[in-house]
Amino acid sequence: MGDSPAEYIHMVQRLIEECIIFDMNKEECMEALSKHADIKPVITSTVWKELEKENKDFFDAYAQRRDEKESRQRIHKMRLDSDTNSK
């Protein structure tokens with residue numbers, strides 16, 4: 001690795017921030033960083049939890065916005081399925 005532990009954690013933090021830009025939840029981020037950056041999920045999860053502690057208001061709002069978006073998507077899918085089944 002060659003980097004100091006602090007540099008490594010900072011890199012993981014930056015990658016998590018990129019995942020957030022792409023609207024990923026913690027599990028999606030852990031999977032993406034494991035697959036594309038070879039970062040163990042436990043490390044991503046630990047850094048994510050620390051970010052949540054330090055930025056509680058942001059993560060509360062982020063989770064609420066994601067929940068609302070997922071609810072809208074489920075409703076939209078149900079409407080599409082209903083329209084398809086009624087034809």
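Helices (H or I, at least four residues) and strands (E, at least two) are DSSP runs, numbered from the N terminus. In this report α4, which spans residues 56-85, gives the most to the lining of the largest pocket, with eight residues.

The model is a predicted one, in which local features need pLDDT of at least 70 and side-chain atom pairs count only at pLDDT 80 or more, while totals for chains, interfaces and linings use all residues. Residues are numbered from 1 along each chain as its sequence is written, and side-chain values use heavy atoms, with hydrogens and water left out.

**How the helices cross**

The table gives the axis values; axes are lines fitted to C-alpha atoms, for helices over the stretch in contact, and angles run from 0 to 180 degrees between N-to-C directions.

| Helix pair | Axes | Angle |
|---|---|---|
| α2 (residues 26-37) and α3 (residues 41-54) | 9 Å apart | about 135° |
| α3 and α4 | within 5 Å | roughly 110° |
| α1 (residues 5-21) and α3 | within 10 Å | roughly 75° |

Angles under 35 degrees count as roughly parallel, over 145 as roughly antiparallel, 65 to 115 as roughly perpendicular and the rest as oblique. α1 is therefore roughly perpendicular to α3. The contact of this pair, where contact means heavy atoms within 4.5 Å, joins Tyr8, Ile9, Val12, Gln13, Ile16 and Ile20 of α1 to Ile43, Thr44, Val47, Trp48 and Leu51 of α3. By class, these residues divide into nine nonpolar, two polar and no charged, with Ala, Val, Leu, Ile, Met, Phe, Trp, Tyr, Cys and Pro counted as nonpolar, Asp, Glu, Lys and Arg as charged, and the others, Gly among them, as polar.

α3 and α4 are likewise roughly perpendicular to each other. Their contact is formed by Trp48, Leu51, Glu52, Lys53 and Glu54 of α3 together with Lys56, Phe59 and Tyr62 of α4, and it divides into four nonpolar, no polar and four charged residues.

α2 and α3, by their angle, are oblique to each other. Lys26, Cys29, Met30, Leu33 and Ser34 of α2 meet Pro41, Thr44, Ser45, Trp48 and Lys49 of α3, a contact with five nonpolar, three polar and two charged residues.

**The largest pocket**

A pocket is, on a 1 Å grid over the protein atoms alone, an open set of points where a 1.4 Å probe fits, with protein on both sides within 12 Å along at least five of seven lines, and lining residues have an atom within 4 Å of a point. The largest pocket holds about 200 Å³ of space, a volume being the space filled by probe spheres set on the points, which are joined across faces, edges and corners. Of its 13 lining residues, Trp48, Glu52, Phe59, Tyr62 and Ala63 lie nearest the centre. Two or more lining residues come from each of α2, α3 and α4, and the lining has four nonpolar, one polar and eight charged residues.
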